[in-house]
Every structure is written in C-alpha cells, then in structure tokens.
Amino acid sequence: MTEKTAITPPTHTTPPAKFSHGVKKGNILQVAGQVGFLPATDGKPPTPAGDTLRAQTLQTLANVAAVLEEGGATWEDVIMMRIYLTDTAHFAEFNEIYDAYFADLKSVPAARTTVYVGLPAGLLVEIDALAVLG
C-alpha cells in the first residue's frame, strides 16, 4: 500500500484543523484550496496579498506552486485546476491574469471556474490543483 504524505511548504501556516495544504500518494499530488495569503510570519495571522484580484491571484498561484514544488511537482504535472471566484464580474480579469501567468506552459491543465461566496471576508479567489508526477 502506498503511503499518504501531508505537504506543508515552509511558506505556509500550519493548518488550523486536521487537513493539509497538499497530500501526495504515489504519483498523485492534490493541492488543497489555496488563497492569496502572503508567506507565513511566525506570530502573525495570515495576511492577504492585497485587495485587488490581480494581487490575490498572483499570490494564490504562488501558493499553489509552493505546494507543488514541496511535493515534487511542477505546473506541467497539473492535470486539473478548480478556481473559485467571489464575484462574476472578475471572470474576464481572472482569465487575463491566468493566460499571462501560464503563457509558457507547454500543456495546459483542464480547469473549472465557478463563483463561490463562502471565502473569508476580503478574499477574492481560491485555487486547488491535481497533479500526476512522472
């Protein structure tokens, strides 16, 4: 039986409950929903990267990338992403940011974007990813 390993990059806070920022089992890595919090600072609560969709999206992508890297994966290994926005008016801007960020990606993942209003106050985007290594 393949062991399941929790992934928490040094840039991330320890989860407040029994969950992980990512889980790797065999060659599969699931990145849990990440938001636009700046890298963790001891003794300080999580802080959003800013109040704009651009700032939060870029930080969210950096946070997903940190979990991928800690788990031995890259964006090229990602086969599925789920994006949650808090406002339908953000779809076009998000797509522009996303397209620019992944402009050099050889093979783009499948993706699903939806509107979700349950994020903590001030957060505009959440992204999770599924990667298959090797």
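Which strands does helix 1 lie across? In this predicted model, local features need pLDDT of at least 70, side-chain atom pairs count only at pLDDT 80 or more, and totals for chains, interfaces and linings use all residues. Residues are numbered from 1 along each chain as its sequence is written, and side-chain values use heavy atoms, without hydrogens and water.

Helix 1 lies across strand 1, strand 2 (22-25), strand 3, strand 4 (78-85) and strand 6. Helix 1 runs at about 155° to strand 3. Angles run from 0 to 180 degrees between N-to-C directions, with axes fitted to C-alpha atoms, for helices over the stretch in contact. Helices (H or I, at least four residues) and strands (E, at least two) are DSSP runs, numbered from the N terminus. Helix 2 also packs on the sheet, touching strand 4, strand 5 and strand 6. Its direction makes about 145° with that of strand 4.

The open sheet has six strands in the order 1-2-3-6-4-5, with mixed pairing. Pairing requires at least two DSSP bridges between two strands. Strand 1 (4-7) and strand 5 (110-115) form the edges. Strand 3 (residues 28-35) and strand 6 (residues 125-132) run antiparallel, joined by six bridges. Glutamine 30 has leucine 130 of strand 6 as its bridge partner.

Helix 1 (residues 53-70) packs against helix 2 (residues 91-101) at about 45°, with axes 10 Å apart. Helix 1 is therefore oblique to helix 2 (under 35 degrees is roughly parallel, over 145 roughly antiparallel, 65 to 115 roughly perpendicular, and the rest oblique).

Note on methods:
Contact = heavy atoms within 4.5 Å.
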